[in-house]
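This report describes a protein model in plain terms. Please look at the sequence and the structure before reading on.

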Amino acid sequence: MFPNKSIEMVMEEEEDVSFTQPSSSQVQRGLDRLTPAQVDQKVAEVVQFILIKDQKKLPMKRADIVKHVIKEYKNIYPEIMKRVNMKFEKVFGLKLVEIDAKNHAYILVNKLEQDPQQPDLMSSGHPKTGLLFVILSVIFMKGGVVKESVVWNVLKKLRVDQGEKHEEFGDVKKLVTEEFVRQRYLEYIRIPHTEPQEHEFRWGLRAEKEVSKVKMLEFVGQLHAQDPQVWTKQYKEARAAEGERGQL
Amino acid sequence: MKKNAAGSRFVLSRWRKETSAGMAAAMSDSHRRFLQIIMCHGIMEGSQARAVHQHCCQAYGTQHTRSLDEFVDTINSQLQPLFMQIRKGMSEDEGLQYYALVNVADTDVTKMSSDYAANELELFRKTMDLIVDSENGTASSTDILNCADSLQTSKMKKKETEQVLSRLVQDKWLNEKHGEYTLSTRSIMEMEQYIRNTYQDLVKSCAICHNIAFQSQMCSNQSCGVKIHIPCAARYYKGRADPRCPKCSEFWSHEIPDMQTSSQATALNPRASTKDNAAPAASGSQSRRSR
């Protein structure tokens with residue numbers, strides 16, 4: 001409710017201009033000059049930095065990591081990131097995934113097999129994730145893109161009105177069209193040539209990477225007391241998406 | 001599981017134990033899943049942690065033979081080089097056991113800083129000041145509102161302050177009861193190092209369990225000043241007709257609350273169970289609930 005606006009704005013303005021990847025010989029020379037303890041310490045700092053940033057579910061830019069944590073260890077950046085990735089996989093079962101190759105932005109996704117009891121999104125237990133899950137399922141069942149009015153109507157039936165302040169979620173429209181979009185769970189795209197302006201919703205990149213469509217279909221199936229296979233098109237898409245996610 | 005003094009000493013002794021004992025069990029997906037879940041929650045109550053442990057073992061095909069403590073030890077051996085640990089702590093109000101994932105190297109309120117603005121963090125620190133200064137580890141909402149009016153970063157109006165406080169409670173950094181705020185178990189466990197560094201002698205440890213004590217009873221002997229957590233006092237003085245200060249032997253005049261001594265609670269504090277004498281049931285005044 002009170003986003004740390006000033007810090008966010010500064011982070012967004014960071015540009016990756018000054019950073020070029022060091023060569024492997026440069027990296028080796030850099031490593032030779034440091035003690036193992038120094039390198040380990042830096043790896044630990046990067047891991048902590050990323051975990052804290054990930055709490056907000058915002059993508060993190062390479063420029064930020066270099067500027068705020070790596071600093072003078074820039075010349076061994078590839079080696080640090082290699083070890084950071086290893087730590088995330090080995091200790092946390094997480095993986096850093098690049099979602100923006102141009103700006104070098106990353107998110108942390110769960111690498112473990114889907115927890116049979118809880119689909120990934122639900123694990124934080126936050127009511128927001130339930131709301132998001134409902135929206136994602138609506139978009140998915142409708143073929144991957146829906147007019148915003150469809151989403152608002154569904155939510156209204158669940159007594160979550162985008163026009164009113166909600167007891168739990170506050171400004172619902174802001175949460176759905178801004179926060180969830182910033183976190184890359186949803187995409188909120190303007191439909192051109194519409195007057196008044198209309199938008200459509202799609203799954204965001206983070207949702208694509210983190211949410212199992214198979215699980216989602218099972219969830220919807222349970223809601224309607226139907227076998228997921230009844231929805232053939234969605235079922236095929238879900239199985240295909242599962243294969244893709246498995247290759248992460 | 002041994003309960004030691006200051007958190008850093010606890011961590012160090014476990015490090016030594018780990019390295020001298022050789023390889024701990026290998027990390028499996030069930031360990032990783034447990035870590036992900038505790039990371040999401042920040043802190044988990046003991047029975048919840050045990051349930052999650054069981055679930056993770058079942059979900060990822062690990063045999064659920066080992067104790068939770070051994071399971072956590074395995075994770076901790078991997079977290080150690082990252083300056084993180086899963087620690088056990090006790091809630092000051094109910095004496096329940098909790099598991100929390102904490103940063104060992106923190107010298108500030110780091111974990112909170114991504115979620116709160118600068119003036120909100122300042123308000124939290126001011127609230128902590130009030131709690132440290134108080135006798136019973138509480139800060140009234142009135143006092144906190146007064147602080148909000150004189151923040152150095154940027155002042156906060158009443159409505160905004162109330163909303164920030166509400167968020168702090170929701171995020172489990174503060175507890176609130178009848179308009180009085182206390183530090184949550186999560187805050188105490190997460191920020192132990194920061195608290196000790198910042199307040200030093202102003203912060204006392206419980207004479208029974210040796211952890212930082214905020215919500216506590218103090219010895220009525222002015223020159224003694226020993227503090228005991230309310231749940232620790234409940235266990236230590238249980239059944240005693242004549243409770244005495246463990247340090248100066250002055251009569252312990254506070255109401256001793258009547259609490260269930262669960263096996264988990266005693267495990268946290270082996271001393272109490274050995275000192276518990278088999279005195280006949282105390283008179284009515286002893287078992288009356290305090291407050």
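## Basis and overall make-up

Helices (H or I, at least four residues) and strands (E, at least two) are DSSP runs, numbered from the N terminus. On that basis chain A has eleven helices and eight strands.

The model is a predicted one, in which local features need pLDDT of at least 70, side-chain atom pairs count only at pLDDT 80 or more, and totals for chains, interfaces and linings use all residues. Residues are numbered from 1 along each chain as its sequence is written, chains are lettered from A and ligands numbered from 1 in the order in which they are written, and side-chain values use heavy atoms, leaving out hydrogens and water.

## Chain A as a whole

Of the 248 residues in chain A, 45% are buried; buried means under 20% relative accessible area, exposed over 50%, and partly exposed in between (1.4 Å probe, protein chains only). The chain exposes about 13,700 Å², and carbon and sulfur atoms supply 50% of that area. Accessible areas come from the Shrake-Rupley method with a 1.4 Å probe; for residues, only the protein chains shown count as cover.

A contact means heavy atoms within 4.5 Å. If contacts in chain A are limited to residues at least 6 apart in sequence, 60% of them join residues at least 24 apart.

## Confidence in chain A

The predictor's confidence in each residue is the pLDDT, from 0 to 100. Its mean for chain A is 80, and 83% of the residues reach 70 or more. Where in chain A is confidence lowest, and where highest? It is lowest in helix H1 (residues 5–13), at a mean of 43, and highest in E8(A), at 95.

Residues 1–17 of chain A have pLDDT below 50, and this stretch has 23 contacts in the model beyond near neighbours in sequence. Over residues 119–123 of chain A, pLDDT also stays under 50, and the model has 20 contacts there beyond four places in sequence.

## Aromatic pairs

Rings of Phe, Tyr and Trp (its six-membered ring) pair if their centres lie within 6.5 Å; planes under 30 degrees apart count as stacked, over 60 as edge-to-face and the rest as tilted. By this rule there are seven aromatic pairs over all chains. One of them joins A:Trp152 and A:Phe201, edge-to-face, with 5.8 Å centre to centre and 80° between the planes. This pair links distant parts of the chain, as A:Trp152 is in helix H7 (residues 148–157) and A:Phe201 in strand E8 (residues 198–203), 49 residues apart. A:Trp152 counts as buried because its relative accessibility is 8%, and A:Phe201 is buried at 0%.

In chain B, B:Tyr236 and B:Tyr237 form another edge-to-face pair, at 4.9 Å centre to centre and 70° between the planes. B:Tyr236 is buried at 7% relative accessibility, and B:Tyr237 at 1%.

## Helix H6 of chain B

Which residues of helix H6 (residues 141–148) of chain B are buried? They are B:Ile144, B:Cys147 and B:Ala148. These residues lie on the same side of H6(B) because they cover an arc of only 105° around the axis, where the arc is that of the directions from the helix axis to the C-beta atoms. An α-helix has 3.6 residues a turn, so residues three or four places apart point the same way.

The face of H6(B) turned away from the buried side carries the exposed residues B:Thr142 and B:Asn146. The buried residues of H6(B) pack against helix H5 (118–133), strand E4 (139–140), helix H7 (158–170) and strand E6 (180–183) of chain B.
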